[in-house]
Amino acid sequence: MKTTLKIATGLLAALALGYSALLWADSDALWNIVSRQCLPNQQASGQPAPCAAVEPGSGEAGGYAVLKDRNGWLQYLLIPTARVSGIESPELLSERAPDYWGAAWRARGFLEQRYGRPIPRELLSLTVNSQYGRTQNQLHIHISCTDATVRQQLEDLKDSLSEEWRELPVELQGHAYWARAVAAKADGGPEVDPFKALAAGQPEAGLDMGRYGLALVATRLADGRDGFILLSSRASLIGANRASVEELQDHACPALRGASANGSDALRRRDNHSQPASPPV
């Protein structure tokens, strides 16, 4: 019993140490861009630069900004204009929580503007990294292309998915994931709020949301409707998993650009908004 406790304590300590290493970067970089530049510029002149857009909401509550990420030629981020640290923030589970995921899905229009033509929805996904797999302490949803291998794995499995969570029989990018199907609303966004679906469907997550990462991968459901596969992963040193589910995306978007030097490591860096993050511990 004591040995098991010591091992568990050691794992958690090492996980926290890895998280601290990530925070050596400027963990407020995104928040400072939105709160000190994008939002004030929008309010003063109607020009949200350096963001692509700012939707103020009611004051700051419920508002969000859309920012072109420096990594990847198409990747954008959706960032609340209110202070929301990340997936662990309790306000995300409140009845009045803004629909950040729906807003992020609509913001894929900025990728299409940059690309110059419509992008097949099945190539795109949204991700939020865990508290241990991110460099920034402001909630941000990555809007980008899904990794081709991951996309094929999920395509092969989607007919076995329902609205109930189940552990996938295969690993994605070397890590264990749970998945469920989510139908799309009339406006294209998910019918359920992924944060609330995770907390309600996986009791352990509701007690410690910060250890989980979430991904919403666009697909066509088994019944032919537009929908999504909602994925979750839990941070653990077993398997060296920080639940940085952004690993399911490929910011180089080779399916749209063609495999070339554009698929270099420089374009595939993960959650690197201020300076290169340390390799996983």
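The protein contains eight helices and nine strands, where helices (H or I, at least four residues) and strands (E, at least two) are DSSP runs numbered from the N terminus. This is a predicted model, in which local features need pLDDT of at least 70 and side-chain atom pairs count only at pLDDT 80 or more, while totals for chains, interfaces and linings use all residues. Residues are numbered from 1 along each chain as its sequence is written, and side-chain values use heavy atoms, with hydrogens and water left out. Of the 281 residues, 51% are buried; buried means under 20% relative accessible area, exposed over 50%, and partly exposed in between (1.4 Å probe, protein chains only).

**Overall surface and contacts**

- The accessible surface of the protein comes to about 12700 Å², and carbon and sulfur atoms account for 52% of that area; the areas come from the Shrake-Rupley method with a 1.4 Å probe, and for residues only the protein chains shown count as cover.
- Among contacts between residues at least 6 apart in sequence, 64% join residues at least 24 apart, a contact being heavy atoms within 4.5 Å.

**Helix H4 and its surroundings**

- Helix H4 spans residues 108–115, and Phe-110, Leu-111 and Tyr-115 are buried in it.
- Viewed down the axis of H4, the buried residues fall within an arc of 135°, so they line one face of the helix; the arc is that of the directions from the helix axis to the C-beta atoms.
- The packing partners of these buried residues are strands E1 (53–55), E2 (64–68), E3 (76–80), E4 (124–128) and E5 (141–145), together with helix H8 (254–257).

- Gly-63 lies in the loop between E1 and E2, and Gly-63 counts as buried at 0% relative accessibility.
- With neighbours within four places in sequence left aside, Gly-63 is in contact with Glu-55, Pro-56, Gly-57, Pro-80, Thr-81 and Tyr-100.
- Gly-63 and Leu-39 are 24 residues apart in sequence, and their C-alpha atoms are 9.6 Å apart in space.
- Lys-68 belongs to strand E2 and is partly exposed, with a relative accessible area of 22%.
- Again leaving aside neighbours within four places in sequence, the contacts of Lys-68 are Trp-73, Leu-74, Gln-75, Tyr-76 and Arg-114.
- A C-alpha separation of 9.8 Å is found between Lys-68 and Ala-53, which are 15 residues apart along the chain.

- Leu-154 is found in helix H5 (residues 148–157) and is buried, with a relative accessible area of 3%.
- Not counting residues up to four places away in sequence, Leu-154 touches Leu-168, Leu-172, Val-217, Ile-229 and Leu-231.
- Leu-154 and Ala-179 are 25 residues apart in sequence, with a C-alpha to C-alpha distance of 9.6 Å.
- Gln-202 occupies the loop between helix H6 (194–201) and helix H7 (203–207), where Gln-202 is buried with a relative accessible area of 9%.
- Beyond its neighbours within four places in sequence, Gln-202 is in contact with Trp-165, Trp-178, Tyr-212 and Ser-232.

**Backbone geometry in loops**

- A cis peptide bond, with omega of about 5°, joins Ala-49 and Pro-50; Pro-50 is placed in the loop between helix H2 (29–45) and E1.
- Gln-173 is a residue other than glycine with a positive phi, near 55°.
- Gln-173 lies in the loop between strand E6 (166–167) and strand E7 (178–183) and is partly exposed, with a relative accessible area of 34%.
- Ala-243, likewise a residue other than glycine, has a positive phi near 55°.
- Ala-243 sits in the loop between strand E9 (226–234) and H8 and is buried, with a relative accessible area of 1%.

- A cavity is a set of points, on a 1 Å grid over the protein atoms alone, where a 1.4 Å probe fits but cannot get out; lining residues have an atom within 4 Å of a point.
- Grid points are joined across faces, edges and corners, and a volume is the space filled by probe spheres set on the points.
- By this rule there is one cavity of 30 Å³ or more, and the largest cavity holds about 50 Å³ of space.
- The largest cavity is lined by 12 residues, of which Val-128, Asn-129, Arg-134, Leu-139 and His-140 are the closest to its centre.
- Its lining has three nonpolar, seven polar and two charged residues, where Ala, Val, Leu, Ile, Met, Phe, Trp, Tyr, Cys and Pro count as nonpolar, Asp, Glu, Lys and Arg as charged, and the others, Gly among them, as polar.

Technical notes: 1 Å grid on protein atoms, 1.4 Å probe; cavity = no way out; pocket = protein on both sides within 12 Å on 5 of 7 lines; lining within 4 Å.
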